[in-house]
Amino acid sequence: MKETSLYIHIPFCKQKCFYCDFPSFAGKERYREAYIEALCKEILNKCQQYKIKSIFIGGGTPSYLEVHEIKKLLETVNKLQLVDDMEFTMECNPGTVNEEKLIAMKDGGINRISFGLQSCNNELLKIIGRIHTYEEFVDNYKLARKLGFNNINVDLMYGLPNLTVDLWKDTLAKICNLKPEHISAYSLIIEEGTAFYTLHMKDKLNLPSEEEEREMDKLTKDVLGSGGY
């Protein structure tokens, strides 16, 4: 049996982030149930002839699903031929996570969580269209740890509007102190079709200079390196 990896896309969001160009939609909750139904049929129809060696559920915001939708999706996935001890990741956004959802994920075989944080600064989080605060993220992170998730990734982003080198340094230090197993640090790219692209075209985005962004890039390597990453 041929081995493959599986990516499952959940296109629903509570709010669309201003930098996001992924196929995702806010205000379409009425289609969620039907989407999960169709998705489960497709998974069983197209994936049963493979042995699955890793799974990533991304979006959108997979953790925006209701508990019964998470359970239905994971029950379907668990009908496939899965490699023992495979990595099974689900993206979670702070502000859409609670204990019941995390338990449903854990019971369904999720063994790695990827938290979309982007910044530890609450003002910046508002500027980029995030629905959560840094404090909500910390609460969600600690809850996931308490429930036994021992493989957590945190997404961070630099080059953001109004982001200074010092603010970025503070974010890196705070996340290193939490000791997640993995940290993904990305530089903002202004993509066509996003809210940020429209603002950028009107010269209304206060982006860091190239020199500042280079400094942030070097800082990322230095701070994460010294933190054991």
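Author: Glutamine 118 belongs to strand β6, residues 112-118 (strands, E, at least two residues, and helices, H or I, at least four, are DSSP runs numbered from the N terminus). The model is predicted: local features need pLDDT of at least 70 and side-chain atom pairs pLDDT 80 or more, while totals for chains, interfaces and linings use all residues. Residues are numbered from 1 along each chain as its sequence is written, and side-chain values use heavy atoms, leaving out hydrogens and water.

Glutamine 118 is not a glycine, yet its phi is positive, about 80°. Its relative accessibility is 7%, so it counts as buried (buried is under 20% relative accessible area, exposed over 50%, partly exposed in between, with a 1.4 Å probe and protein chains only). Aspartate 203 also has a positive phi, about 60°, without being a glycine. Aspartate 203, however, sits in the loop between α7 (195-201) and α8 (210-226), and at 68% relative accessibility it counts as exposed.

Gln118 is also one of the residues nearest the centre of the largest pocket, with Tyr19, Phe22, Glu91 and Asp155; 40 residues line this pocket. A pocket is an open set of points on a 1 Å grid over the protein atoms alone, where a 1.4 Å probe fits, with protein on both sides within 12 Å along at least five of seven lines; lining residues have an atom within 4 Å of a point. The space in the largest pocket is about 770 Å³, the volume filled by probe spheres set on points joined across faces, edges and corners.

Strand β6 gives the largest share of this lining, five residues. β1, β4, β5 (81-92), β7 (152-158) and β8 (182-187) are among the strands that each supply at least two. By type, the lining has 15 nonpolar, 17 polar and eight charged residues (Ala, Val, Leu, Ile, Met, Phe, Trp, Tyr, Cys and Pro are nonpolar; Asp, Glu, Lys and Arg charged; the others, Gly among them, polar).

Two of these lining strands, β1 (2-10) and β4 (50-59), are also packed against by the buried residues of helix α1 (contact means heavy atoms within 4.5 Å). Those buried residues are Arg32, Ile36, Leu39, Cys40, Ile43 and Cys47. Glycine 60 itself is in the loop between β4 and α2.
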